Amino acid sequence: MDALDRVVKPKTKRAKRFLEKREPKLNENIKNAMLIKGGNANATVTQVLRDVYALKKPYGVLYKKKNITRPFEDQTSLEFFSKKSDCSLFMFGCHNKKRPNNLVIGRMYDYHVLDMIELGIDKFVSLKDIKNSKCPEGTKPMLIFAGDDFDLTEDYRRLKNLLIDFFRGPTVSNIRLAGLEYVLHFTALNGKIYFRSYKLLLKKSGFRTPRIELEEMGPSLDLVLRRTHLASDDLYKLSMKMPKALKPKKKKNISHDTFGTTYGTIHMQKQDLSKLQTRKMKGLKKRPAERITEDQEKKSKRVKKN
């Protein structure tokens, strides 16, 4: 049995808190990413991993030592590092003659590889090469996807979902305008994926809403899709399954239309309209003959009941 798979009983309060953080929860922790370089990673791949780590801070772990592994052939080392560092996202960089400047981006489910997509780097501009101001650490980015390719094929659809999962950051309930500081833009065009990063500048417009300008801050990548390792439909649905406790409870007699308007159905008892109080008018007064017939009907009903 693997050392990480054993049942560990905490001996100190600190160890107990550490294990409680890793326990399954209804609302899971923020997904962390591990960035690993292979045994033959060159300077370009190493710098890409550093720049992506700078965007992911503090929700990332950068392994500085080289790790001799091949994700598409043997995934045990990735699963070991995932369990060790409690990371559900990973990026692996390597370089060889057959696949130069190679990046593998993927995610885990229950500490096993779920999806994995291989990308080749055609062009790269580092954060250091673009001499502009950068965003502070831990800033949540805005993600923009352009291009019809992201909706046409399954590989590109899964890649889009994977990139959202990788860069989305923490889930927030409220948004402040000044907190929208930078944008990650992904464009799929002519078989390539163009990755650009822009800083958001809020300028005076003379109105309440400011004028927005974009300033490139890096990194900049031109990527090519290579190999893919996608999860089966059943496993993918299982990984997306929501716990019963988080599912919204259905409320009876309430419906919503396409615009979000709420409609409610009210069930009432049958009303006797003859006893309804109306405006008293001379024209609506009952005649003596009508009153006599009503009194006779009431008497006959009482006789039948007796």
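1. Y198 belongs to strand 8, residues 192–203 (strands, E, of at least two residues, and helices, H or I, of at least four, are DSSP runs numbered from the N terminus). With 23% relative accessibility, Y198 is classed as partly exposed, since buried means under 20% relative accessible area, exposed over 50%, and partly exposed in between, with a 1.4 Å probe and protein chains only.

2. The model is predicted: local features need pLDDT of at least 70 and side-chain atom pairs pLDDT 80 or more, while totals for chains, interfaces and linings use all residues. Residues are numbered from 1 along each chain as its sequence is written, and side-chain values use heavy atoms, without hydrogens and water.

3. Beyond the neighbours within four places in sequence, Y198 contacts E181, Y182, V183, H185, L214, E215, E216 and M217 (contact: heavy atoms within 4.5 Å).

4. L214, one of the contacts of Y198, is located in strand 9, residues 211–216. L214 counts as exposed because its relative accessibility is 51%. Together with L177, L202 and I212, L214 forms a nonpolar surface patch of about 370 Å² accessible area. Patch residues have over 30% relative accessible area and no salt bridge, with nonpolar side chains joined within 5 Å and like charges within 9 Å; a salt bridge places a Lys or Arg side-chain nitrogen within 4 Å of an Asp or Glu carboxyl oxygen.

5. K13, R14, K16, R17 and K21 make up a positive surface patch. Of these residues, K21 lies in helix 1, residues 13–22, and is exposed because its relative accessibility is 57%.

Note on methods:
Accessible areas come from the Shrake-Rupley method with a 1.4 Å probe; for residues, only the protein chains shown count as cover. Lys and Arg count as positive and Asp and Glu as negative; His and the chain ends are not counted. The place of a charge is taken as NZ of Lys, CZ of Arg, CG of Asp or CD of Glu.
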